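Let's take a friendly walk through this structure together. Have the sequence and the 3D view open as you read.

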Amino acid sequence: MNMHKIDANMHQIDTDKRRYHNSWTELNAEMRALETRDGNLLGAVEHLREHQLERGFIRDNLGAVQCYRFPHPDDAARFLSVQYNPERVNRLKIRVNAIPPERGDAINNDCFLCASNIQWQHRGIEFGYDVEQDNTHFHVWMNAYPLMPLHLVIATCDHIPQAWNLDETAPGQFTIRQIITNLAELSARMPGYVGFYNGEGAGTSVPKHFHYQFFRRRSVEEIFPLELAPAHAIDDIESVIEDYPVEGMCWQGGDPDTVINRAVESVEHWLRTRIGLRPTLSANIFAMTDADGSHLRIYFVPRDKDLGHSPHMAGMIGSLEILGELVLTTETEKHDLDRGDVDYQKIARILGDIRVPL
Ligand SMILES: [Zn+2]
């Protein structure tokens with residue numbers, strides 16, 4: 001390349017960066033105005049979704065998804081479900097299309113939750129929203145291959161690991177208290193949504209960069225099997241999930257601080273007393289604030305980092321599976337569904353493969 005070409009190329013890169021920065025600022029101002037108007041994040045994230053669909057970052061409008069429900073054999077009100085989502089396999093191809101960066105633009109081994117990588121990896125079409133929660137700066141990003149109509153990732157601005165810090169001697173990692181508090185308070189900013197944290201080896205696809213996920217339910221009435229599972233009440237806040245393929249605990253009530261404190265105390269105690277014997281313990285943690293903002297629920301499902309997969313299913317077991325909806329993507333799995341080879345028991349067995357006792 002001669003010097004003129006290099007200069008022209010550098011000029012183009014600068015122009016692209018400036019343009020991306022300006023668009024980011026403009027879009028964030030629009031979302032901030034919506035958040036101020038609504039008093040929550042719902043309008044802002046809908047706006048981001050529309051923007052990311054228009055820009056072509058969100059690749060899948062879920063048009064090919066088929067949902068199946070399998071009733072509980074003894075209780076018609078309960079069920080487990082399957083989402084057949086054939087487009088989702090394409091998510092692994094996204095980074096292949098990224099334009100190589102200028103020297104020095106790639107950081108943290110091309111981590112795809114680091115904002116400065118995101119600009120070049122996605123050719124300037126992926127945008128996020130800057131939010132602050134408990135004095136931590138996050139970016140809200142859209143999932144390019146969503147599992148629900150609006151599926152977002154809330155990642156720290158800093159590149160810090162997903163794993164929690166239980167012994168509190170590892171600065172730069174989140175404590176259980178921070179994780180549960182963040183999730184619960186973010187769920188209050190997105191009432192009606194389902195929020196979750198996938199611990200290391202428990203369905204997380206980016207273990208090196210801390211993030212939560214939230215999604216909008218397919219309808220306001222939609223309730224997931226985990227939420228329908230019977231629970232044995234310890235008292236009016238804490239309960240233990242019963243007759244469900246995985247074990248879990250729930251804390252709920254109208255006063256978020258009380259619910260958060262009880263959940264933090266119980267989870268920390270549970271982990272501290274067991275981690276010595278089972279150092280590979282992990283978890284899925286969920287938070288949902290009702291659509292009217294009046295009631296908070298937090299769920300904790302213990303996991304093991306070495307049990308991320310079921311031998312009876314192709315993909316990794318993540319939060320949607322724990323909520324009671326398997327995500328199947330392969331043609332063989334579709335064939336099993338069409339042949340009537342899948343029922344409540346079969347799904348329960350797949351989830352049972354990753355069950356960790358309380
Ligand atoms: Zn990162």
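This is a predicted model: local features need pLDDT of at least 70, side-chain atom pairs count only at pLDDT 80 or more; totals for chains, interfaces and linings use all residues.

Start with helix H9, which spans residues 344–352. Its buried residues are Tyr344, Ile347, Ile350 and Leu351. Viewed down the axis of H9, these buried residues fall within an arc of 130°, so they line one face of the helix. At the start of H9, look for Asp343: one of its side-chain oxygens comes within 3.2 Å of the backbone nitrogen of Gln345.

Next, turn to Asp304, which sits in strand E12 (residues 296–304). Asp304 has a relative accessible area of 4%; because buried means under 20%, this residue counts as buried. Leaving aside residues up to four places away in sequence, Asp304 touches Gly201, Arg278, Thr280, Ser282 and Val356. Its side chain also reaches the backbone nitrogen of Asp306, at 2.8 Å.

Finally, visit two loops. Most residues other than glycine have a negative phi. Arg123, in the loop between helix H3 (115–121) and strand E3 (129–133), has a positive phi near 50°. At 48% relative accessibility, Arg123 is partly exposed. Asn135, in the loop between E3 and strand E4 (136–142), also has a positive phi, of about 65°. With a relative accessibility of 71%, Asn135 counts as exposed.

Key: Residues are numbered from 1 along each chain as its sequence is written. Side-chain values use heavy atoms; hydrogens and water are left out. Helices (H or I, at least four residues) and strands (E, at least two) are DSSP runs, numbered from the N terminus. Buried means under 20% relative accessible area, exposed over 50%, partly exposed in between (1.4 Å probe, protein chains only). A polar contact is a pair of N or O atoms within 3.5 Å; within protein, one must be able to donate a hydrogen and the other to accept it, and residues adjacent in sequence count only if both atoms are side-chain atoms. Contact means heavy atoms within 4.5 Å. The arc is that of the directions from the helix axis to the C-beta atoms.
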